[in-house]
Each structure stands twice: as C-alpha cells, then as structure tokens.
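Please read it alongside the coordinates.

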Amino acid sequence: MDAQPGHVWGCGDKTSREVQLDIKKWQIKEAERQRTVKLTAADWMDHPDRFLLELGGRQNYNN
C-alpha cells in the first residue's frame, strides 16, 4: 500500500472522532474566552503583565 503525500491516516471509530472534534471545539472556545480577561484596577496593579510592560518602558496605560 502506497501512501500519497498530504494524506493523514488515523485509527479509531466514528465515536472517537466525534469526541476529538468536541475537544477541539472546546479548546477553541476556551482560547477565545481567555483572550479577553477583564481586570479591576486593583487586580491590574499586581498583574505580571503590568510588570513586563514597565520593564519594557511603558509607564502609562491609558494611551
């Protein structure tokens, strides 16, 4: 049996594939949810990203 370039073969039944697709959908949804995190001013004062921005020279976050 010759495999052609660009083809991907896998083992499993239809149920396994459906579970795999459900997990992938959840991962995409979770990544989108985590992309927008709302922080209070108090949370931002202790947030690690704030310290990284300050190390990079950004002191003003309103612009």
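1. Arginine 50 and glutamate 54 both belong to helix α3 (residues 48-55), where 4 residues, about one turn of the helix, separate them; helices here are DSSP runs (H or I, at least four residues), numbered from the N terminus. Their side chains meet in a salt bridge at 3.0 Å, N to O, the term standing for a side-chain nitrogen of Lys or Arg within 4 Å of a carboxyl oxygen of Asp or Glu. Arginine 50 counts as buried at 13% relative accessibility, whereas glutamate 54, at 24%, counts as partly exposed (buried means under 20% relative accessible area, exposed over 50%, partly exposed in between, with a 1.4 Å probe and protein chains only).

2. This is a predicted model, in which local features need pLDDT of at least 70 and side-chain atom pairs count only at pLDDT 80 or more, while totals for chains, interfaces and linings use all residues. Residues are numbered from 1 along each chain as its sequence is written, and side-chain values use heavy atoms, with hydrogens and water left out.

3. The whole structure holds 3 salt bridges. In helix α1, arginine 33 and glutamate 30 lie 3 residues apart, and the closest N and O atoms of their salt bridge are 2.5 Å apart; glutamate 30 is buried at 19%, but arginine 33 is exposed at 53%.

4. Arginine 35 and glutamate 32, also both in helix α1, form a salt bridge at 3.5 Å, N to O. Here arginine 35 is exposed, with a relative accessible area of 60%, and glutamate 32 is partly exposed, at 43%.

Technical notes:
Helices (H or I, at least four residues) and strands (E, at least two) are DSSP runs, numbered from the N terminus.
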